[in-house]
Amino acid sequence: MHKPVPLQCTSLNFREFQFAQAMLFAIGEINNSSDLLPGISLGYKFYDTCGSMARSVKVLLASVNGNEDVSAQSQGPCTTPAQVQAIIGETSSSPNTAIATVIGPFHMPVISHFATCACLSDKTKYPSFLRTIPSDYYQSRALAHLVKHFGWTWVGAIRNNDDYGNNGMATFTEVAEQLGICLEYSVAFFRTDSSDKIEKIIDIIKASTSKVIVAFLSHMDMDVLIHELSKHKLTGYQWVGSEGWIFDSQTAEMDRLHILDGAIGLSIPKAHVTGMREFILDVKPLNSSSNEMFTEFWEALFSCKFNLSESPGEIKRQCTGNEDVTKVHNSFTDMSLMPIFNNVYKGVYAVAHALHTILRCNKTCNNNIVLDPFTILQHIKRIHFRTKEGEEVFFNKNGDPAAKYEIINWQPRNNNIVDFVTVGLYDTTLPADKQLNLQNISLIWAQNAAQVPVSVCSETCPPGTRKVLQKGKPVCCYDCISCAEGEISNVTDSITCVRCPTEFWSNERRDACIKKEAVFLSYQEIMGALLTTASLFGTCMTAIVAFVFFKYRKTPIVRANNSELSFLLLFSLTLCFLCSLTFIGRPSEWSCMLRHTAFGITFVLCISCVLGKTMVVLMAFKATLPGSNVMKWFGPLQQRLSVLAFTLIQVIICILWLSISPPFPYKNFKQFKDKIILECALGSAVGFWAVLGYVGLLAMLCFIFAFLARKLPDNFNEAKFITFSMLIFCAVWITFIPAYVSSPGKFSVAVEIFAILASSFGLLVCIFFPKCYIILLKPEKNTKKSMMGKGAPK
C-alpha cells in the first residue's frame, strides 16, 4: 500500500571499516611499487551497503554506470562507460549472489574476501565471481569429518537462513549421513527474526538429547543467538563452529556466561602482512564537520563526542582527535581478523597482477591498451603469484583458492579472555586420509571439561552384538542384539553378525570363532578306557582258556569236543576282542577300513567254528543210528573246508566293499552345532549291511542247528551251551541295530564295541567256561566213562 522507506545505515561496523583499511593498504603498496604496474596508479571508490542485498545491487549499478550519488535517483543516461574495472567485496554470501547475478552478463570481475557459500562456485550462474577464501563445499566436509573424529554421531544443527547457512548445512548434512552422523534437529534463523521464532529454537535445544551443536552462522547471527542463550543460561553444550564466528573476538566478548567455552571449529589460517596492522590503526579524524564517517568512527572508538554545539555540559567527554588508537582495547584494535584482511589484500593484488600482464608492463606500462572487464576477468582467472610474505595466490576453475583451515579451540583464561588456540589443520591438498591432522595439544571442552564429551543416540554396540534400528528413528538410534549361536561380530557397532566357518563355532561372548571340539571315542576318556580294559580282559581270558585247553588237550572233555575247532574258535575270539580296539581313537583311512572288515571276518570265522562244532554234535548223533555213515562226509577235513569256505565268502564281500566304496573318515557337522563328530562313514551302505547280514545269517543257522541238537542224549551235551550262546549273540545284535542308529556321535561307536564285546564274552563264557569248570574243579568228571554216560569213578 505504501512505498518502502529507503534503507538507512544507522551505525558504523568496525569490521567493515577494517576491510576498507586493508584495501587502502594494498592499493597504497601497489601505487608505491616500482615492480608492479610502474607508472600506473590504481583508484578506488567505497560504497556502504550495510550488508543489504537491495543496497548492494543499487550501489553496484551506480558504480558501473558512473553514478556516484546512490542516495538520489540519477537523471543522467544509463549508457555512461563503466567507471570501475573490478569489484572487491561483498563480505557476505547472499549480497554476493545478488551482485554476481546482476554483473555476470557484463563479465566484470567480483572478488570477495569472506563469501564462502558453495553456490557461488557455479560458473554457469556466476561466471565473473571469484574469491580469496575457500568455498563452504570444503568447510562443510571438514566440519563433518571433525565431528566424526570425536565420535559424535548425534548432533543438533543451527544455521543462517540465507545462502551461506542453508547451502553450507545442506552439504554438511549430506556428508554427515555418509559418515554415520545423524542430526537430531536442524533449525534456521536470521538475525532479524522475531523473538518468538528464536524462543522456539531455544525450546528445541532444551528438549534435545544431543550434547553437540553445529552452528553454521555468521558472527552477527551468532551474536543474536548468544544473547538469547544467555537469557536462558543454556550451558553445557559442545559447540562446533564455522569460520563465520569461531575466531571472532567480538562474539567471545559477548559470551559473558561462557556458553561457548571449549567450542571447536574451522578458521582461515593465520596470516601476517607486514605493515598492515600499523596502517589500520593509524587513523585520525578529518574535519569533523565535513566527514561524518570518520567522526562517527572516532566517537564510537573512544566513547566520546566532538564539541560541535559548544554545550560541554551535555556530554561526558570531548574528543580532541589526537587520541592514541593503540591504547584502546576493543574489536577495532583486535587483529584476530588478520586472515580476512589478508584475503582483501590478496584480492587487490590479484587485480593488479592481471592489469600488469594486460598492460605488458616491464619498466613501464603500455597506456594505449584499452581495458575492458572481460579481458581483466580472463587474466585474473589465470594469475599465479606469491605475496611479499611468500603466500601462493591462484584460483581454480571455479574461481576458488586452495582450501586450508586451522582447527580452533576456545580456551578461556582467568581474566575472562578467550584464547583461540590452533589445535590442528585441515588441508584438502593432501590425500584424503591425511587431510585432518590434530596436533598434540590439550583441548578444553564444554564447561572446561578435559574429557571429550559424548553425544550419541545409542551407546556403542560391543563386539558380539549387532545393531538393530529403532522403529521410526534415525539410523544412529538402535538397540544392541547379541549374535546368534554360530555367529560373531568382532568390531564395535557391527550391523551384521558373520557366521563362523564350518569347522568353527562362536565363543560365549560371540566375538570370536573358536575351533569346534573334535569328538571321537578316545583312549584317554573314561568310556574309552573302560571299553579298552574290557577288550584286553576278554583277550586275556581267551588266552587263559586256550592255555587250559592246551594243557589238558589230551583229556576226554577236550578231545570229545573237537579240540581243533575249539582252538580255532579261541583264536577267532581273541581276534574278536582285539578288533574292538580298532574302533577306539581318531578315525583314519586305514582304521575305518580295518574296523568293519576285521569285525566282519573275525566274527564269521568265529561263527563258522561254532557252526562246525554244532554240525559235529548233530552229525555224531546221526552217525550212531544203524546204517548211517554220515560222519565220513563230515570228518576233520570237511570241517576245516567248511570253516574256510564260510570265511572266504565274507572275505570276498569285504574285498568288493573296499574296492567299490570303502569306509572313510568323515566330519559330521550336523549332529551337534558346536562339535565335530569324527566318525567313519560307511562308504557303501550295501557293503556294510552285507557284511553284517552274512554274520547274522551264519548265527541264525548255528542257532537252528544247536537248537535241534539241544536234547540229544548225552551226558555232556555241548549243543545246549551253543544254543544259549547263540541266543545271547542274536539278542545282542538285534538290540544293537536300533541302539546304533539312535546313539549320537561317539556313543554309536561305543554301542558297536559293546555289542562286539558282549557277543564275544557270550561265546567265551557259554561254550568254554563249563568245560574249564570240569577240567579245573571237577576233574573226576573229565573221564571217558563220564563222557559216555557210564557213571563216575568211585
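**Notes on a cavity and a helix pair**

1. The lining of the second largest cavity is made up of seven nonpolar, one polar and two charged residues. Here Ala, Val, Leu, Ile, Met, Phe, Trp, Tyr, Cys and Pro count as nonpolar, Asp, Glu, Lys and Arg as charged, and the others, Gly among them, as polar.

2. This is a predicted model, in which local features need pLDDT of at least 70 and side-chain atom pairs count only at pLDDT 80 or more, while totals for chains, interfaces and linings use all residues. Residues are numbered from 1 along each chain as its sequence is written, and side-chain values use heavy atoms, with hydrogens and water left out.

3. Lining the second largest cavity are Phe520, Leu521, Phe583, Gly585, Pro587, Arg595, Leu678, Glu679, Cys680 and Val749. A cavity is a set of points on a 1 Å grid over the protein atoms alone where a 1.4 Å probe fits but cannot get out, and lining residues have an atom within 4 Å of a point. Strand β22 (residues 675–681) gives the largest share of this lining, three residues; strands (E, at least two residues) and helices (H or I, at least four) are DSSP runs, numbered from the N terminus.

4. The volume of the second largest cavity is about 40 Å³, taken as the space filled by probe spheres set on the points, which are joined across faces, edges and corners. The structure has three cavities of 30 Å³ or more.

5. Helix α13 (residues 526–551) packs against helix α15 (residues 563–579) at an angle of about 165 degrees, the axes being 8 Å apart. Therefore α13 is roughly antiparallel to α15 (angle over 145 degrees). Axes are lines fitted to C-alpha atoms over the stretch in contact, and angles run from 0 to 180 degrees between N-to-C directions.

Note on methods. 1 Å grid on protein atoms, 1.4 Å probe; cavity = no way out; pocket = protein on both sides within 12 Å on 5 of 7 lines; lining within 4 Å. Parallel < 35°, antiparallel > 145°, perpendicular 65-115°, else oblique.
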